Amino acid sequence: MSSKMPSSNNVTQARRTVQQLKIEASIERIKVSKASADLMHYCGEHAKYDPLLMGIPASENPFKDKKPCAIL
Amino acid sequence: MGEMDTLKKEADGLKTQIETARKAVNDTTMAAVASGVAAAPRIQLKNRKTLKGHLAKIYGLHWSADNRHMVSASQDGKLLIWDTYTGNKVYAVPLKSSWVMSCSMAPSGNLVASGGLDNMCTIVNIKAASPKTIRELDAHEGYLSHSRFLNDSEILTASGDTTCCLWDLETGKQKVVYKSHVGDCMCLAMSPDQNTFISGACDSSAKLWDIRDGGCKQTFIGHTSDINAIAFFPSGTAIITGSDDCTLKMYDLRADQEVNGYQDAALNAGVTSVSLSSSGRLVFAGYDNFNCNIWDSLKAEKVGVLSGHDNRVSCIGVPDDGLGICTGSWDSFLKIWN
C-alpha cells in the first residue's frame, strides 16, 4: 500500500476489507474431526487406484523403456 | 481520521470473530484422527525418463489432459511440447520474451499459454500448420506468474500485480478480475468441478474464489512467507500450499482452517512446487535444495525423496491418470518418475 495514496482511497480500501471480512466471517464451518475423517475416507477409497502409491507393473508402465524383442 | 479508526476496529473485530469460529470447530487434529490409519509405504520411484532439450532454467511444466503430452517453459525463450512416452519433442514454440515464468496447456491439447516478466499471457495454437500466436492478453500491470485454461475460450491468470483474472479468448479481454490479495499472486489451481479456484500470494495467504462472480469466499492464513505453490486435494474439499517458509500446509475448505502441516526442522529450503498423487495420499513437493520430498498427506511424515536434479526443482506435475510424476528444474532437465 503506497503512503502516497490520497486518504479517500485508504477509506475505500478499508471499507472493502471490512466487507470482505464480513463475507468470510459468515460461512458455516464443519468440525475438524469430520473434515479429517472425510479426507481419510477419500484416501482410503482411492488408494487402490493410485499408481504412485501401489506401484505399477512393468507391462503397464508407459514410461518404462521397453527392451526390443528379438524374433527368433 | 475518525472513519479509518472505526473501520480498523471493525476489521479487527471481524478477524477475531473468524478466529473464534475456527477455534470452536477445532475439536481435534488430523494427526490424532489419522493415528489409526496404516502408514503409507516407503515410496521409491525410479527416474524413467530424462527430457533433454532446454538450454536454460525451466520455470514451468504442465501435463496435457491426454496424460502423454506435456508443455515446458524455459528462459532459453522456448516452450517445448513433449511426447513423454517416447521422450521426443513434438513442437517447439519460440517466445517473443524469454523471461517466461509459467506455461499451461488447454484440456483440448490445441492451445498453450505462456507468460512472465512481459506482463502478458501469450496464447499459441500448436495444432495450426506451424505454431501460431492467436492472442496476447495484455492488461496485467505486473508479471504473469501462472495460468490455467478452463477450455479453448477461457483462461485464468495470476499476476505480480496482486490480481488474478479470467480472460475471454475470443475477444482477448478480461471477463472477471479477482482482487483481494495484497501481495504478488504466485500460483493458482482450479477446483475439480471448475466452479472455484485457489490462489497463493506473497502476502502469505491463500484465497478461494468463485470463478464466475469474482468473489473471494475464504482466506487461509498461517504461512509466514510467500506461497509459491498451491494444489487442490482430489476431493475438492481441501487445498495444499507450499511456501518460502519451508513448509507445506493443508487447509480444509469446510472447516475453514489449517488441518495439517508438513515440515522438518532439518529442512531449510523454500517450497517451489506441489502436486498430489491421484488418491491424495502422497504430496510431492519441490524445494530450492534441488530435491523433491514425498509426504504422507494424512500422517504428515516424509515417505520418500526424488533426487537427481543438479539445481532447484522449480515445477512439478502429476498427470490426470496418476501414472507418474514429472519434475522440472533450473538444471534445464525434466525427469519423469514412477
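A polar contact here is a pair of N or O atoms within 3.5 Å; within protein, one of the two must be able to donate a hydrogen and the other to accept it, and residues adjacent in sequence count only if both atoms are side-chain atoms. One such pair involves B:S191, where a polar atom of the side chain lies 3.4 Å from the backbone nitrogen of B:N195. The model is a predicted one, in which local features need pLDDT of at least 70 and side-chain atom pairs count only at pLDDT 80 or more, while totals for chains, interfaces and linings use all residues. Residues are numbered from 1 along each chain as its sequence is written, chains are lettered from A and ligands numbered from 1 in the order in which they are written, and side-chain values use heavy atoms, with hydrogens and water left out.

To stay with B:S191 for a moment, this serine sits in the loop that links strand 14 (185–190) to strand 15 (196–201) of chain B. Helices (H or I, at least four residues) and strands (E, at least two) are DSSP runs, numbered from the N terminus. B:S191 has a relative accessible area of 5%, so it counts as buried; the cut-offs are under 20% for buried and over 50% for exposed, with partly exposed in between (1.4 Å probe, protein chains only). Setting aside neighbours within four places in sequence, B:S191 is in contact (heavy atoms within 4.5 Å) with B:T196, B:F197 and B:F232.

The B:H54 side chain makes two polar contacts worth a look: one with the side chain of B:S72 at 2.7 Å, and one with the side chain of B:D76 at 3.2 Å. Beyond four places in sequence, the contacts of B:H54 include B:A73, B:K78, B:L80, B:W82 and B:S332.

Strand 27 (residues 325–329) and strand 28 (residues 334–337) of chain B run antiparallel and are joined by four bridges; two strands pair if DSSP finds at least two bridges between them. Four residues lie between these strands, and among them B:S332 takes a positive phi near 80 degrees. Strand 28 of chain B is also joined to strand 1 (residues 47–51) of chain B, again antiparallel and with four bridges. What is the bridge partner of B:K49 in strand 28 of chain B? That partner is B:I336, and B:I336 is likewise the bridge partner of B:C326. Strand 28 of chain B is covered on both faces, with B:L334 and B:I336 buried on one side and B:K335 and B:W337 buried on the other.

B:I81 stands opposite B:Y91 of strand 5. The turn has four residues between the strands, and B:G87 there has a positive phi of about 85 degrees.

Most residues other than glycine have a negative phi. B:T162 has a positive phi, near 80 degrees, and lies in the loop between strand 11 (154–159) and strand 12 (163–168) of chain B. With a relative accessible area of 22%, B:T162 is partly exposed. B:F290 also has a positive phi, of about 80 degrees, in the loop between strand 23 (282–287) and strand 24 (292–296) of chain B. At 34% relative accessibility, B:F290 is partly exposed too.

Now for chain A. Its pattern along the sequence is α-α-α, with three helices and zero strands. Of its 72 residues, 31% are buried.

How many residues of each chain meet at the interface? 40 residues of chain A are in contact with 65 residues of chain B. The two chains bury about 4300 Å² between them, 70% of it on carbon and sulfur atoms; buried area is the accessible area (1.4 Å probe) that two parts lose on being put together, summed over both. There are 15 residue pairs in polar contact between the chains (both at pLDDT 80 or more). The rule finds five salt bridges across the interface, a salt bridge being a side-chain nitrogen of Lys or Arg within 4 Å of a carboxyl oxygen of Asp or Glu. A:D38 and B:R254 form a salt bridge through their side chains, at 2.6 Å from N to O. On the side of chain A that touches chain B, the elements giving two or more residues are helix 1 (7–25), helix 2 (32–46) and helix 3 (51–54) of chain A. By class, that side has 24 nonpolar, six polar and ten charged residues; Ala, Val, Leu, Ile, Met, Phe, Trp, Tyr, Cys and Pro count as nonpolar, Asp, Glu, Lys and Arg as charged, and the others, Gly among them, as polar.
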